[in-house]
Amino acid sequence: MSSYSESKLIRSSKKSRDPMETISAWMDDNKSVASLRSMMEDPMLVFALEGGQPVGWKKYDQAQYKIEVDENQNDKAKEIKLCSFARPHMRSFHCAWFALFAAYLMWFSISPLLSEIRDDLQITNKDIWTSSIASLQGTLFMRFMLGPLCDKFGARVLFALVLALASIATACTGLIHTTRDLIILRLTIGMAGSCVVMCQYWVSSMFTREVIGTVSGLCSGWGNLGGGVAQVLMGSVIFPAFKEIFQGDSEKAWRFACIVPASFGFFTSIVIYYIADDCPKGNYSELKKHKSMGDVSVTANMCAGATNSNAWFLFIQYACSFGVELTMNNAASLYFRDEFGLSLEAAAAIASVCGSMSLFARGLGGYVSDQAMKTMGMRGRLLIQMTFLMLEGGLVLVFSKAHSLTESIIVMICFSIFVQAAEGSTFAIVPYVDPKNGGVITGIVGAGGSTGAIGFGLTFRQLGYGDSFFIMGCAIMGTSLFSTLINIKKHSSIFWGKEVNKKSRRKKLGKSKQQTLPATVMGSGSRTDEPSIMTEPSRITMQTW
């Protein structure tokens, strides 16, 4: 195959991922069957791209999949089997949420202990909020960076690496003695919060876009549960246990308590690295070795993702959903202890309720979004997103005016459900924004959560609880309107546009450009002028694609 024809094929595949258009472009310059045969033998053949991976070598045969897959979307799963642990799809699903659970357990392990740390180190509430903001700044930078790196290396390797590094930082909690030490420690532990990027990217590599809302919602929701579990586990179980071991010495107790989640996180990093796969066809390193996957330019991907306005609208909305959850994970325990005079154990137990809503609410939000997509297209997803954010913001305003403990707990539970649901509906939209640069888009939107938490954290640092929650509620309701500005190519928006049926596009294109190549006999130069639909690898017509 000539270098000119090959470069033209590559350029064509970059412009459009429709295989019909790609093959038609190649056929304009290549009429001989000999050229076709040589091209079919090239392992870098990139006809049918769906998600950036070429047809070629793969680790698993079709018969080895234990789940229904879509060959047109890189063998991604079309369904969820929660009780299955089979490779590659469901194994990766369970590894993703479990690893995220471990990451969030480490990230928030120190949160219920902050009141004890404040008293023992003799620091102020402003110092505590400064350390919380530092924790969010750490994850903000990592989320932006890890998104495009997922496109290049895959989620599994990066997931394991970040978990291992975060576990080392978490184990060093007992070594802090000053405000500066606390800030540096939490800045470093903050890298654990970036694991949500790998989690979302990993499951989007394994499941089709038709079910990704439900899948990503369940996966990230169960993973986020680690933040809620950290509140009750560290504040009500591990801290009291170590306090008993050290005969009532609370300072020694919190200094040793974080070793437990650190050990758990390090063990998890080793497990997921060895037992899971990057994508349905295998690990990225294996695909590159067999020349079934080309190299990815991180810089080019970042530039393409950064110029997509839809990504930034979702960035802002995610700041007011996941950013609110992060803020509550840091503030809830302190709020209930300071406002209602509760003990550390009681305050931590109540605060854990906020995070525990992720057990079902985030998955529910993704599921509702998937159902809306079936009936109304992308317009349905955007309307669901706007509704969840509007209800979330309204309930936060009610919470800001709550005065009794019972009222506060009930309203907190209600708005936490919509916080989680909005997170699920956000990442149900993300895979549609720019499938070719999915890692970059995931990183940008994920960073929105950290950015929102930083902004809300600064508010809580400067103002009282009532005013801070009021500002938070108004901001959430305002950002819900950004759904009206999201306009994704080939999909409807809230006020204009319509869905483009992919199958009808291909059928129409195939009918208008149908060309049939003459049959060949493998290993011989004989030809026949009779058209036929060929089934051998070196024989192809437009209709077979």
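1. Let's start with a term: a residue is called buried when its relative accessible area is under 20%, exposed when over 50%, and partly exposed in between, using a 1.4 Å probe and protein chains only. Gln122 has 72% relative accessibility and therefore counts as exposed. Its phi is near 55°, a positive value in a residue other than glycine. To find Gln122, look in the loop between helix 5 (114-121) and helix 6 (125-153); helices here are DSSP runs of H or I with at least four residues, strands are E runs of at least two, and both are numbered from the N terminus.

2. A word on what you are looking at. This is a predicted model, in which local features need pLDDT of at least 70 and side-chain atom pairs count only at pLDDT 80 or more, while totals for chains, interfaces and linings use all residues. Residues are numbered from 1 along each chain as its sequence is written, and side-chain values use heavy atoms, with hydrogens and water left out.

3. Is Asp75 buried or exposed? At 3% relative accessibility, Asp75 counts as buried. You will find Asp75 in the loop between strand 1 (69-70) and strand 2.

4. Next, a peptide bond to check. Arg87 and Pro88 are joined by a cis peptide bond, with omega about 0°. Pro88 sits in the loop between strand 2 (76-77) and helix 4 (89-107).

5. Here is a helix pair to trace on screen. Helix 6 and helix 16 (residues 322-340) have axes that come within 12 Å and cross at roughly 160°; the axes are lines fitted to C-alpha atoms, for helices over the stretch in contact, and angles run from 0 to 180 degrees between N-to-C directions. Among the residues making the contact are Trp129 and Arg143 of helix 6 and Leu334 and Asp338 of helix 16; contact means heavy atoms within 4.5 Å. By class, this contact has seven nonpolar, three polar and two charged residues. Ala, Val, Leu, Ile, Met, Phe, Trp, Tyr, Cys and Pro count as nonpolar, Asp, Glu, Lys and Arg as charged, and the others, Gly among them, as polar.

6. Stay in helix 16 for Phe336. Phe336 is buried, with a relative accessible area of 0%. Which residues does Phe336 touch, not counting those up to four places away in sequence? They are Gly341, Leu342, Ala347, Ile350, Leu405, Ser408, Ile409 and Met412.

7. The axes of helix 9 (residues 195-206) and helix 10 (residues 212-245) come within 10 Å and cross at roughly 145°. Their crossing is right-handed. The contact includes Cys199 and Val203 of helix 9 and Val215 and Cys219 of helix 10. It has five nonpolar, four polar and no charged residues.

8. Finally, visit Ser480, in the loop between helix 22 (465-479) and helix 23 (502-513). Ser480 counts as buried at 0% relative accessibility. Leaving aside neighbours within four places in sequence, Ser480 is in contact with Gln317, Met386, Leu389 and Met390.

Definitions and conventions. A crossing is left-handed if the near helix is turned anticlockwise from the far one by less than a right angle, and right-handed if clockwise.
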